[in-house]
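This briefing covers salt bridges and the parts of the chain that they link.

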Amino acid sequence: MKKYGVNELRSMFLNYFENKGHLKMKSFSLVPHNDNSLLIINSGMAPLKPYFTGQEIPPSRRVTTCQKCIRTGDIENVGKTARHGTFFEMLGNFSFGDYFKNESIPWAWEFLTEVVGLDPDRLYPSVYVDDDEAFQIWTDKMHIAPERIFKFGKEDNFWEHGSGPCGPCSEIYYDRGEKYGCGKPGCTVGCDCDRYMEVWNIVFSQFNNDGHGNYTDLVQKNIDTGMGLERLAVAVQDVESMFDIDTMRALRDEVCAIAHVEYEKEHRIDVSVRVITDHIRSATFMISDGIMPSNEGRGYVLRRIIRRAARHGRLLGIEGAFLTRLADAVIAGSKDGYPELEEKRDFIVNVIGEEENKFARTIDQGLAILAEMEQEMADKGEKQLSGENAFKLYDTYGFPLDLTSEILEEKGFSIDEEGFNRAMKTQRETARAARKTTNYMGADATIYEQIDPAIASAFDGYDKLERDGKILALTTEDEVVEALTDGSEGTIITDETPFYGTMGGQVGDTGVIVSKDGEFTVKETLHLVGGKIGHIGVMTKGMMRVGDTVTMKVDAQRRAAIAANHSATHLLQKALRVVLGTHVEQAGSYVDPDRLRFDFSHFKPMTKEELAAVEKLVNEQIAASLPVVTDVTTIEEAKKSGAMALFGEKYGDRVRVVKMGDFSVELCGGTHVANTAKVGSFKIIGENGVAAGVRRIEALTGEGLRRYYEQLEQTAQEAAALVKATPVTLCEHIRKLQEELRAVRAENESLKSKEAKEALGDVTSQAVDVKGVPFVAASVAGVDMNGLRDLGDQCRNKLPGSVILLISEKDGRVNLMAMASDEAVTKGAHAGNLVKAIAPAVGGGGGGRPNMAQAGGKNPAGIPDALAQAAAALESQLH
């Protein structure tokens, strides 16, 4: 048997099933589409849920994919064994009501034995214990001896997830040989050792579970198969684990080269090497799909993966940043199957590098906080760090629990892991409660799911704002209906529409729909599941019925304003790449009639000069009156023309390219002006950070910008009127007022100082002798802390070698200030300890240096007591 590489096996599988009439589809993004039950795609079937549930009609009844997947449920075990990993590729062939068991079983066997070349005598099928049909196919059609077929129960060979479609499954195991076994008598399929490896799983989706254990036959029976690409490679290449297959071995060797270590020499080193090897694959693929490090959701999964890899780099003794070098190795090894990795290379390495550097700073902060916690435990005689503090280190500083535990163990401390788990559970339950209500397959449970999946809408509004159409479906908020009447709120779905539905950051159109019997005001237009476009609003007159012919009219002025802002975002993105560099990628956008917002990858705030340069460049392209030309072509041709694509966007075979002169070329399905001159003008009104490595620009164009300047002018006129000036002379008047204000404040401070000085009187007459040290303890009214310090300096100058204590009540609070001369300090006087001793009398606390200290309090009634205690407190200090 030839030891095929991972990239070869992927192509062999997809080509095999393409030859069996399957539509070969590219891997879907790791970011789930319209699925709130999943944080990240974790199986080959997950992105295909709408086809299995009937919410959407599949592009073909036979589909084959190699889907990138991530699972992090047991991330703590990754590295500890060679079995666990977070990233994997799942090969799959799927049937939506087409073929079933009689085809899927022979094809699986044929691919493994005749295409890949696995020894059939080392392959063992399994079936669900009650699935006689599958058992008979294996024995009668595939001629497998009955004793070689294993029957397992529901726990192992029946797939179901709550209510909905479910069914038995048949698995194929490969005997890797005795060298991978446990050596125990009776070791066979189902043993926990590594000898018998499951390589293929075929799910026969033939029943419907009503949620109460009652099963009925599905009208449309489906096939859902899965085969881990890495597992298949382990079997074909006859290696110990997935960390030894060709692509991962190359990455593993790169880790060892950077760390100057050898694999399989020491368990501790192997753990870290495996963690880094696995995690950098996940991080690279996640970022390529537009996931950014953050403190919640899938962004937090990415952050944890990157930081865990970086931390294990430290354990291996790697100095400085190293993950970007490994990301390049991932890209090199996987770009054959995933060319987008190469296209997004600059972006990927920038994000990883920024996050790795951020963790280098965070871990140092965390170590300092942990040191304080250790000291606190030592002071209290405790030996266990509270779960709350351990979780604080984990949640705030990104400290993995095992890192905290390892550091504490070296110093004889332990961790309250139960308390940590309680804090973690509380956080998870809070996050879970915030999720949207979902149905069993994870998509939003809405009334639109009850509409016939065959109904679809066509958008026909790029060059027209009015057209006739036929109503295909109507709904209220909670049911599908045949008609809407005056005053009813609901949704109209038509066969064709000029209304643009919210998509790609552009808000949907508004307008009216009219028929001979009624009128409907469209407040919002949305894309719904299954290619439907929903016009959401209210019936303002008469009635509309399913089947009615209607005239749809888009609000032309609003559409024009949206188009101007959308076209401006294209000019803005290109200008940013020109001014800042090609690492700039769109991370999100929002376009409505009033303004535009554009999020992009960049790792520091933009300077005033950069913002000015971008704004100038955009306005130059507007003034140049560039023609805006659209063209529909293939995705390959579009990329050849230099068109920019967006992260996470799902493109079909044909794409729309929007070109603005020779300046900007982008893939875009939105609406645009016909000429950049129609944008009018462009003004950036804000730039700020919204996430790690992501900046946001807010800007205005056209009518929105005119209103902005109108508001600025009105504000300037109102401000000028307040100071009896004109907008032209406003700045000059403000400068004069500031100068006058400074003079008044200076005069006021002088008067307050004079008043306080007079209130204090002759300090020399108030001084008492305390063990040979002149001591003044006095109260003055209405003086703040700055005033007390001034008075203290004056008193100290008049009484050499003295100690001064002044107390004042101001606005219901107490201020205390003490000063001690150098001579008094040599005799034992300590201003800080003096204040600390008497502050409780006024309900406060404080302290300071030996020669100067201050404090505050909340109880003015205690001032006499504080003064009475002062002399005794000073006397106790003096030698």
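R307 and E355 form a salt bridge, with their closest N and O atoms 3.0 Å apart; a salt bridge here is a side-chain nitrogen of Lys or Arg within 4 Å of a carboxyl oxygen of Asp or Glu. The model is predicted: local features need pLDDT of at least 70, side-chain atom pairs count only at pLDDT 80 or more, and totals for chains, interfaces and linings use all residues. Residues are numbered from 1 along each chain as its sequence is written, and side-chain values use heavy atoms, with hydrogens and water left out.

**D289 and K68**
- The closest N and O atoms of the D289–K68 salt bridge are 3.2 Å apart.
- D289 lies in the loop between α8 (267-288) and α9 (297-315) and K68 in strand β2 (residues 62-70), so their contact ties together parts 221 residues apart in sequence.
- D289 is buried at 9% relative accessibility, and K68 is buried at 1%.

**R559 and D509**
- A salt bridge joins the side chains of R559 and D509 at 2.7 Å, N to O.
- Because R559 is in helix α16 (residues 556-580) and D509 in the loop between β17 (496-497) and β18 (511-514), the pair ties together parts 50 residues apart in sequence.
- R559 is buried, with a relative accessible area of 6%, as is D509, with 1%.

Notes. Helix = DSSP H or I, 4+ residues; strand = E, 2+ residues; numbered from the N terminus. Buried < 20%, exposed > 50% of the residue type's maximum accessible area, 1.4 Å probe, protein only.
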